[in-house]
Amino acid sequence: MAIIGIDLGTTNSLISVYRDGGVQLLPNDLRQYMTPSCVSLLEDGSLAVGAAAKARLISHPEQTAASFKTWMGTERELSLCGRALLPHEMSALVLKKLLQGAQAALGEPVEEAVISVPAYFNDNQRCATKLAAQLAGVPVKRLINEPSAAALYHSYITGQTEAKLMIIDFGGGTLDVSVVDCFEHIIEIVAIAGNNHLGGNDIDRAIAAHFCQQTGLDWEGLPPDHQARVLELAETAKIKLSHDPAGACMLILELKDTAHSLSLNAPALRHICQPIFEQVREVISRAVKDSGIPLSDVDDVVLVGGSSQLGVFVDYLEELFSKRPTLADSPEHIVALGVGLCVGIKQRAEELQDLVMTDVCPFSLGIATYTTQQDTNPHMATLIPRSTILPARRAERFVTTSPNQRHIKLEVYQGENYYAADNLKLGEITVSVPPDAPGAQGVIVTFAYDINGILAVAAEASGGDKKSAVILNPKLNLSEAELQQVLEKFDALRLQSQVGEADQLLLARAEALFAQLTGRYREEAGYLIQQFAAAIQSGSLIQLNRARKVMEEKLNALEAFAQMDIFDLYTDENEEEEECRP
């Protein structure tokens, strides 16, 4: 029985294993490593998966689906000529195809898989990935963040024993950025940031939109098969300019005996891609701020993912960092190879026994809390903030708000927004407390979050009532044995504690800052929200006017920090160093 690693990609998917002292990629039935993440409904009612399905994208666009990973974790139905499938069901078909190929290549059944996911996948998206694997017939106990897998393999294969790295994973449909600290055999993920709806597919669509604009075509008015042809032209042009950045290519589309053509070169492509690259810059900036590591301390910027090979993208990053990024070996394979290395660690391969990798929490975890009894819109009290190294355990005390309150309901949320309802609800538990005055009774809430992304919550009320639960997405269920195992690990994790908060225009600005910032800056934003909301509720015009002035000044200062361009700061630091040299 084998354990396999799977890189379930937006555009292509791969399988890896660890055997004979190293990581190996497994070929599919076409003897290729990359299997297109495509599904197509055939005329006989059966489904084609992989290369056969991708080949039908142009000829049968209404019967073919691709890039469905973008919608993972949602209830968005994708139609294949009237047959509706959910994104995780589409992904399950791809996984089943991969599983069949792996078993054929290994000559033995597969007992378990480790699957990579975008670092910024939330709980719904991660659970949908596990559900897809369950439907495909392969148990998944471990998900690993894609840039973490890439960082693991890059550090391992290059032998970098002491370095601070930035891993930029720019794939077909997602962007992930990780700041990584490597020391001896420890690979520590310090911070992650990402955009689950930004990738090479957006570049294809931008080129297609530019082509239609320049040739007088109405993109929205084109039938699906013509749109598919334009997108194929765009992808072909993008790949050609990646391999020949100094050259040019011609996009030609013949419709009803009329040829529509456009010449495209690298400068034009750079102009088309600039809005996309600016979004990449924002994600990089967020990762650097969350890491607390100055950009000047980053030893190397490593590019992985198929879209990272685009010449104008590398040029853009070189301008940002004032040095040429390193394109990883096999950038389209490196995530799968890193997942294979995780498989080797999981199998306790002797040659990997000294290798240790930590990961971080991609989103903050907390509970809905009320400031006062009159508060009707609970805010989120964060127990485990994003970018906390896993495993993590945090505890905080919360008290009653109403006279003679007999129960405290603890609603668990994941996300960065101030108001709990704007985040993703994961579950809830309720404890009993003795009736008493507001604030006299309370509950100590403890969160434990492990490296497999499983959250255990314990609550101990002042009246003696105790509750504990593993917070699970209702779409996914663990066995009783697995539940018990998680609860047993609960007390083994170490203890710390944590953070906190926004009105019409001023409150909206504060709420946005709360979601964007971390640490003491987030606490300050949360404090401003509470104080300004209290001033509004006071009914005093003088108190409100005073609070407005303070709010404006504080928000301006916080926004100045949030909007600070780390690349300008990095440039200033370099210039200061140059001036100090004799």
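**Exercise 1. A serine in helix α5**

Decide whether S148 is buried or exposed, and find its contacts.

Solution. Step 1: S148 has a relative accessible area of 0%, so this residue is buried. Buried means under 20% relative accessible area, exposed means over 50%, and partly exposed lies in between (1.4 Å probe, protein chains only). S148 sits in helix α5. Helices (H or I, at least four residues) and strands (E, at least two) are DSSP runs, numbered from the N terminus. Step 3: list the contacts, meaning heavy atoms within 4.5 Å. With residues up to four places away in sequence left out, S148 touches S178, I189, M357 and D359.

Two notes apply throughout. The model is predicted, and residues are numbered from 1 along each chain as its sequence is written. Local features need pLDDT of at least 70, side-chain atom pairs count only at pLDDT 80 or more, totals for chains, interfaces and linings use all residues, and side-chain values use heavy atoms, with hydrogens and water left out.

**Exercise 2. The whole of α5**

Compare the span of α5 with its expected span, and find how many of its residues are buried.

Solution. Step 1: α5 covers residues 146–158, which is 13 residues. Step 2: the expected span is 1.5 Å times one less than the number of residues. From first C-alpha to last, α5 reaches 18 Å, close to the 18 Å expected. Step 3: 10 of the 13 residues are buried, so α5 is largely enclosed by the rest of the structure. The buried residues include E146, P147, L152, Y153 and H154. Step 4: look past the end. G159 follows α5, and its phi is positive, near 70°.

**Exercise 3. A strand residue**

Describe the setting of L410.

Solution. Step 1: L410 belongs to strand β24, residues 407–414. Step 2: its relative accessibility is 2%, so L410 counts as buried. Step 3: find its contacts outside the four neighbouring places in sequence. They are I367, G427, E428, I429, V443, V445 and A459. Step 4: take V445 from that list. L410 and V445 are 35 residues apart along the chain, yet their C-alpha atoms are separated by 8.6 Å.

**Exercise 4. Salt bridges**

Count the salt bridges, then examine D204–K238, R522–E416 and K466–E460.

Solution. Step 1: a salt bridge is a side-chain nitrogen of Lys or Arg within 4 Å of a carboxyl oxygen of Asp or Glu. The whole structure has 15 of them.

Step 1: D204 and K238 meet at 3.0 Å, N to O. D204 lies in helix α6 (residues 200–215) and K238 in helix α7 (residues 224–243), so the pair ties together parts 34 residues apart in sequence. Both D204 and K238 are buried.

Step 2: in R522–E416, the closest N and O atoms are 2.6 Å apart. R522 is buried at 2% relative accessibility. E416 is buried too, at 9%.

Step 3: K466 and E460 bridge with closest N and O atoms 4.0 Å apart. K466 is exposed at 57% relative accessibility, and E460 is partly exposed at 43%. Step 5: look for shared partners. Salt bridges that share partners join D290, R386, E416 and R522 into one network.

**Exercise 5. The nonpolar cores**

Which residues have the most contacts inside the largest nonpolar core?

Solution. Step 1: a nonpolar core is a set of buried Ala, Val, Leu, Ile, Met, Phe, Trp, Tyr and Cys residues joined through side-chain atoms within 4.5 Å. Step 2: the largest has 51 residues, and M166, I168, I284, L317 and F321 have the most contacts inside it. Step 3: helix α8 (residues 266–291) gives the most to this core, with 11 residues. Step 4: a second, separate core has 37 residues, among them V114, Y153, V180 and I187.

**Exercise 6. Cysteines**

How many disulfides are there?

Solution. Step 1: a disulfide is a pair of cysteine sulfur atoms within 2.5 Å. Step 2: the count is zero. C249 is buried at 8% relative accessible area, and C361 is buried at 0%.
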